[in-house]
Amino acid sequence: VGESGCGKSTLALAALALLPAEARVTSGAIRLDGQDLARMPETALRPLRWRRMAYVPQSAQNALVPVHSLRRQFRDTAAAHGMRAAEADARAAGLLRRVELDAAVLDRFPHELSGGMRQRAMIALALLFDPALLVADEPTTGLDVIVQRQVVDLLRDLRRERALALMFISHDIGVVAELCRDVAVLYAGMVMESGRTAEVFARPDHPYTMGLQRAFPDIRFPERSVVSIAGYPPRLAAAPVGCPFAPRCPFAEAICCSVTPPLVTTAPGRRVACHFADRAEALRERA
């Protein structure tokens, strides 16, 4: 979770080894079934994509081919991995029914479907080979709240039914709080805070997470004002010096502008990148 431009989609594409040719993973590891995807050659990655790991992009309308029917797109994806057309048709019909679409939409083109229908069709396409990992990049963006609810409920049900590992990318902390067990709060390409979602949002330790909370309306507290985070995210052409959030942080001190805080463990399963993580309770009160 994080603002636009914080690196969420870049991280998603890195997890699928789909970064542009000029991009490099220079440290760390990305493991699926014990294999480090960041170090695997493309010839070994291609059989894994869609079979073991699949992707639901931010805009289904831009991801689906406008001049091909859904049936053609299911068949093309299936053929790329050795599945016959008849089997692809049968699986596609079943998956479309699972995402609450009639199998008749297989013969429709993307422009003939509503935004919510396209998004559900994209989810069905991603499940064609029953992958172990599903990366969903802001799949509810641009949808009305009723359709958002349907998509979130669908993802929750699919995760439970198919034992999916779901990596969910969003700027909407309300959806993340409802759908995700664990959360990583990103800013300027760095993890500011991570841990169990309920714990992070109940007692945020990083000023950026506190700011995200204050900027999000909560129907449980209608009297609480919504406060935006001042300033703008940094340009990342050059790596920021010190904490990247320091120019916008109301609690920043001199050390924040010169020394990058390490991501330290503050409790079991909980990590924070802030020089003043030990003062989190006092900062929450001030926030």
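Mentor: Let us begin with handedness: a crossing is left-handed if the near helix is turned anticlockwise from the far one by less than a right angle, and right-handed if clockwise. Helices (H or I, at least four residues) are DSSP runs, numbered from the N terminus. The crossing of H4 and H6 is right-handed. This is a predicted model, in which local features need pLDDT of at least 70 and side-chain atom pairs count only at pLDDT 80 or more, while totals for chains, interfaces and linings use all residues. Residues are numbered from 1 along each chain as its sequence is written, and side-chain values use heavy atoms, with hydrogens and water left out.

Trainee: At what angle do H4 and H6 pack?

Mentor: Two packed helices are described by the angle between their axes and the distance between the axes. Axes are lines fitted to C-alpha atoms, for helices over the stretch in contact, and angles run from 0 to 180 degrees between N-to-C directions. For H4 and H6 the angle is about 25°, and the axes lie 10 Å apart. H4 is therefore roughly parallel to H6 (under 35 degrees; over 145 is roughly antiparallel, 65 to 115 roughly perpendicular and the rest oblique). Leu70, Gln73, Phe74 and Thr77 of H4 make the contact with Ala121, Ala124 and Leu125 of H6, contact meaning heavy atoms within 4.5 Å.

Trainee: How does H4 pack against H5?

Mentor: Helix H4 (residues 70–79) and helix H5 (residues 85–98) pack at about 120°, with axes 9 Å apart, so H4 is oblique to H5. H4 passes H5 in a right-handed crossing. On the H4 side, Arg71, Phe74, Arg75 and Ala78 meet Ala85, Ala88, Asp89, Ala92 and Leu96 of H5.

Trainee: Which residues have the most contacts inside the largest nonpolar core?

Mentor: A nonpolar core is a set of buried Ala, Val, Leu, Ile, Met, Phe, Trp, Tyr and Cys residues joined through side-chain atoms within 4.5 Å. Buried means under 20% relative accessible area, exposed over 50%, partly exposed in between (1.4 Å probe, protein chains only). The largest such core has 84 residues, and Trp50, Leu96 and Ile123 have the most contacts inside it. Helix H6 (residues 115–126) gives the most to this core, with seven residues. Beyond its neighbours within four places in sequence, Leu96 contacts residues including Phe74, Ala121 and Ala124.

Trainee: Is Thr197 buried or exposed?

Mentor: Thr197 has 2% relative accessibility and therefore counts as buried. Thr197 is placed in helix H9 (residues 197–202).

Definitions and conventions
Helices (H or I, at least four residues) and strands (E, at least two) are DSSP runs, numbered from the N terminus.
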